[in-house]
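Me: I'd like to learn how to read strands, sheets and cores in a model like this one. Can we go through it feature by feature?

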Amino acid sequence: MPWPNDIAGVPALAGLASRLSSLRIRLQALVPTSPAGDPTGGRMILHAPSAQAGGFAGYRRFETTAGDSLEASLDRLLARAEEGESLAAPQTDLLVCTHGSRDGCCGSRGTDLSLRLAAVPALRGIRQWRTSHTGGHRFAPTFLLLPQGTSWGFADVHLAQRVVERSVPFAEVAGHYRGCPGLPGPHVQVLEREVLSLVGWELLDECRVGALTGEITRDGGKMARLQAGSRSWEGVVRPSRTIPIPDCRKSAAEAKKTTTEWTVSDVRAVG
């Protein structure tokens, strides 16, 4: 740190970023928050999707030292993931976006959140990191929880602790849930959020498969299906509104980009 606007702009990471992009693997820079300064030296961590075919059941975590050759370090991790090797005791990683050169709100609010989380005794059993841009800076502060692969926005210490511990019904935190990067597209992700609100946290422990069915309602809604184990749900997904994405502390009128909000209705268990 400090990181440039695009982490791929770090000269030492340029070649690695290009290779990871071709492999459809996202590159994140990390700085340890808790345990403070641990591990020492450069490390490389790979979160690879579960080996279960056709669905997402969380990530598998692989870690190694980042020696003189980042390419060689990546080769080791990819080989271990291919062989199916995994840690005997899975480690939880909590990544808070603090990428200030990308967005000032992530830099200020995210950094404040990461320092507050590091001081919570109940969270010291997990690995906490400050990380580079994860997307969705308009929701700052944001965090990503791995290996379950859930993304959260408008976060505070209370939210993070409830998510890590699953100490409240999912419906109570659903408004902060940004989705699961292991599932395809916003249609499936918005359906998953609704199903999670109905059935609870245990859904995240199952292998989930989602897709659009191809069915379109009379008013243009698209039918999405989510399967988890032996259970399945369907719902009609529609665009709700187009909203501006302003930069940190800028008005909506100054926004240069927009995004679509999606809603889901008529959710029902099937099969």
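Me: Let's start with a pairing. Which residue stands opposite phenylalanine 143 in strand 7?
Reply: Tryptophan 152 is the residue opposite phenylalanine 143. Keep in mind as we go that this is a predicted model. The two strands involved, strand 6 and strand 7, run antiparallel and are joined by three bridges. They also make a hairpin with three residues between them, and glycine 149 in that turn has a positive phi of about 75°.

Me: How do I read which way the side chains of a strand point?
Reply: The general idea is that side chains in a regular strand alternate between the two faces of the sheet. Here, Phe143 and Leu145 point one way from strand 6, while Leu144 and Leu146 point the other way. Are those four buried or exposed? They are all buried.

Me: Now the inside. How should I think about a core?
Reply: As a general point, nonpolar side chains in soluble globular proteins tend to be buried together. In this model, the largest nonpolar core has 41 residues, and Leu94, Phe143, Trp152 and Phe170 touch the most other members. Elements giving two or more residues to this core include strand 4 (93–97), helix 3 (104–118), strand 6 (143–146) and helix 4 (157–165). Helix 5 supplies the largest share, five residues.

Me: What does phenylalanine 143 touch, leaving out residues up to four places away in sequence?
Reply: Its contacts include Leu94, Leu95 and Val96, along with Trp152, Ala155, Leu159, Ala160 and Val163. There's also a second, separate core of 15 residues, with Ile7, Leu13, Ala48 and Leu74 among them.

Me: Which strands does helix 5 touch where it packs on a sheet?
Reply: First the sheet itself: four strands form an open sheet in the order 9-10-11-12, and the pairing is antiparallel. Strand 9 and strand 12 (257–270) are at the edges with a single partner strand each, so one side of each has no neighbour in the sheet. Helix 5 packs on this sheet and touches strand 9, strand 10, strand 11 and strand 12, its direction making about 50° with that of strand 12.

Me: How are the turns in that sheet built?
Reply: Strand 9 and strand 10 form a hairpin with five residues between them, where glycine 220 has a positive phi of about 95°. Those strands pair over six bridges, and arginine 208 stands opposite alanine 228. Strand 10 and strand 11 form a hairpin with two residues between them, where glycine 229 has a positive phi of about 65°. That pairing has seven bridges.

Me: Last one: how do I read two helices side by side?
Reply: Look at the angle and the distance between axes. Helix 1 (residues 14–22) and helix 2 (residues 70–83) pack at about 30°, with axes 9 Å apart. They are therefore roughly parallel to each other. Gly15, Leu16, Arg19 and Leu20 in helix 1 meet Leu70, Glu71, Leu74, Asp75 and Leu78 in helix 2. By class, that contact has five nonpolar, one polar and three charged residues.

Definitions and conventions
Residues are numbered from 1 along each chain as its sequence is written. This is a predicted model: local features need pLDDT of at least 70, side-chain atom pairs count only at pLDDT 80 or more; totals for chains, interfaces and linings use all residues. Side-chain values use heavy atoms; hydrogens and water are left out. A nonpolar core is a set of buried Ala, Val, Leu, Ile, Met, Phe, Trp, Tyr and Cys residues joined through side-chain atoms within 4.5 Å. Buried means under 20% relative accessible area, exposed over 50%, partly exposed in between (1.4 Å probe, protein chains only). Contact means heavy atoms within 4.5 Å. Two strands pair if DSSP finds at least two bridges between them. Axes are lines fitted to C-alpha atoms, for helices over the stretch in contact, and angles run from 0 to 180 degrees between N-to-C directions. Angles under 35 degrees count as roughly parallel, over 145 as roughly antiparallel, 65 to 115 as roughly perpendicular and the rest as oblique. Ala, Val, Leu, Ile, Met, Phe, Trp, Tyr, Cys and Pro count as nonpolar, Asp, Glu, Lys and Arg as charged, and the others, Gly among them, as polar.
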